[in-house]
Amino acid sequence: MTRHKNKFICSSLLLALSLCLGACQANTSPVEEDTEPQTNVEETTIDASYNASDTDEMLTTISEMFSTASQNVTDAEGVLLETIGESYDSYIQSVSDITEFYENELNTADGLYSMMADISIDYFRCVSAQGLEDFDTWDDSLGDFYDAWDDGMDDYYDAWDDAFDDIYDHCDDLLDDAYDNGLNYDDYYDAWDDMYDEYSDARSDMYNLYSDSWSDIYDIYSDVWSGFYNGQSDVDAILNNVVVESSEMDDSTDENTASGEDTEKATESADTDEADDEMIDGMRTEFKEAMDEYEAFFDEYCEFMEEYKENPTDADLLSSYSSIMTQYAETMESKNALGEEELNDAELAYYIEVTARIEEKLIDCF
């Protein structure tokens, strides 16, 4: 029987899931790129000055920050495309400029997202300082923040995503033309492979940074909203309590894991032998159950996202967000517990079938 190595990698699902899910003080610090300006790549500065006692001004700053960042990446793309030129030789000479472009954009995004996190906390402190007696007032203020931040993140994502794709398409066309006009295949393949690897790595780094930053700021927003709803007004205390609770939970989990480790080891061999004898439609029982659980989770996740998109400030949805993430972690742990064992033909076919269904559901969901 044919066997297939099980890596359990489904980046498109993780990509989509990721898409998934006090006193006021003045702040006048600009966000600057960390890298030195180079020959063909111009350093840019994003003005992030704002009065942290004025929520309207902070909302305007958020919009202007992302608008400027989006325009900057578009302008930098134009400069780079001119540097790359229209020939294979000019492309080869500009390889270092392409690397520099990707590095600069990653550094800029990192600084931008860090400033966004700082503004979010200043904003919530000001909302609290203005009073939390009226639910509609503070809820509307948090909703205004969510809209400005989420829209800005989306616009900036589109800008750098388009720029990266345009650069890839241009380089790909140049290399294809060079090959059609007599470039040695080995030289063509090496150049194309290096170009693609750098593009792919840079795009992955940018997406991971975007996804992590979006999740981090959403967590701040969600925790503060829940704190305000429960009568708490100290933003710093709300966020610090969340950190403490999370730390205590991790310690408890570690203790439980350690205490059960010996028992698990003692029964591991017997359980494995028993599971190997149980098959469903040619598949190991634990594999079939893990894949079914995996799909069931994403069904629930898509339902949650549909409701969340309709009302991102709904109290019940916000409270269930952490539960969804916990369930996701448990689902992934169950699936990954199958390890690096090999899949037989029936298991591989079912794996492909399930992941294809999940991908289609996520596409429809988003």
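This is a predicted model: local features need pLDDT of at least 70, side-chain atom pairs count only at pLDDT 80 or more; totals for chains, interfaces and linings use all residues.
Residues are numbered from 1 along each chain as its sequence is written, and side-chain values use heavy atoms, with hydrogens and water left out.

Let's start with the whole chain. We have 10 helices and 6 strands. Those are DSSP runs numbered from the N terminus, with helices being H or I of at least four residues and strands being E of at least two. Of the 366 residues, 42% are buried. Buried here means under 20% relative accessible area, exposed means over 50%, and partly exposed is in between, using a 1.4 Å probe and protein chains only. The accessible surface is about 19,100 Å², and carbon and sulfur atoms account for 44% of that. Those areas come from the Shrake-Rupley method with a 1.4 Å probe, and for residues only the protein chains shown count as cover.

Now, helix packing. Take α2, residues 55-84, and α5, residues 135-180: their axes come within 8 Å and cross at roughly 5 degrees. An axis is a line fitted to C-alpha atoms, for helices over the stretch in contact, and the angles run from 0 to 180 degrees between N-to-C directions. So α2 and α5 are roughly parallel. The cut-offs are under 35 degrees for roughly parallel, over 145 for roughly antiparallel, 65 to 115 for roughly perpendicular, and oblique for the rest. Their contact has 19 nonpolar, 4 polar and 4 charged residues. For those classes, Ala, Val, Leu, Ile, Met, Phe, Trp, Tyr, Cys and Pro are nonpolar, Asp, Glu, Lys and Arg are charged, and the others, Gly among them, are polar.

How does α2 sit against α4? The two pack at about 175 degrees, with axes 10 Å apart, and are therefore roughly antiparallel. That contact of α2 with α4 divides into 20 nonpolar, 3 polar and 4 charged residues. While we're on α2, V79 is in that helix. V79 counts as partly exposed, at 38% relative accessibility. Its C-alpha atom is 9.9 Å from that of F101, which is 22 residues away along the chain.

Back to α5. It packs with α6, residues 185-229, at an angle of about 180 degrees, the axes being 10 Å apart. That makes α5 and α6 roughly antiparallel, and the contact has 34 nonpolar, 1 polar and 8 charged residues. Just after α5, G182 has a positive phi of about 110 degrees.

On to the charges. How many salt bridges does the count come to? It comes to 11, where a salt bridge is a side-chain nitrogen of Lys or Arg within 4 Å of a carboxyl oxygen of Asp or Glu.

R125 is one to click on. It forms a salt bridge with D122 at 3.2 Å, N to O. Both lie in helix α4, residues 95-129, 3 residues apart, about one turn of the helix. An α-helix has 3.6 residues a turn, so residues three or four places apart point the same way. R125 and D122 are both buried, R125 with a relative accessible area of 19%. R125 also meets D236 in a salt bridge, 2.7 Å from N to O. D236 is in helix α7, residues 235-277, and R125 in α4, so this pair ties together parts 111 residues apart in sequence. D236 counts as partly exposed, at 30%.

Further along, R357 and E353 form a salt bridge with their closest N and O atoms 2.5 Å apart. They are 4 residues apart in helix α10, residues 345-365, so about one helical turn separates them. R357 is partly exposed at 28%, and E353 is partly exposed at 39%. Salt bridges with shared partners join E295, D299, E353, R357 and K361 into one network.

Last stop, D281. Where is it? In the loop between β4, 279-280, and β5, 283-284. D281 has a positive phi near 50 degrees, in a residue other than glycine, and at 65% relative accessible area D281 is exposed.
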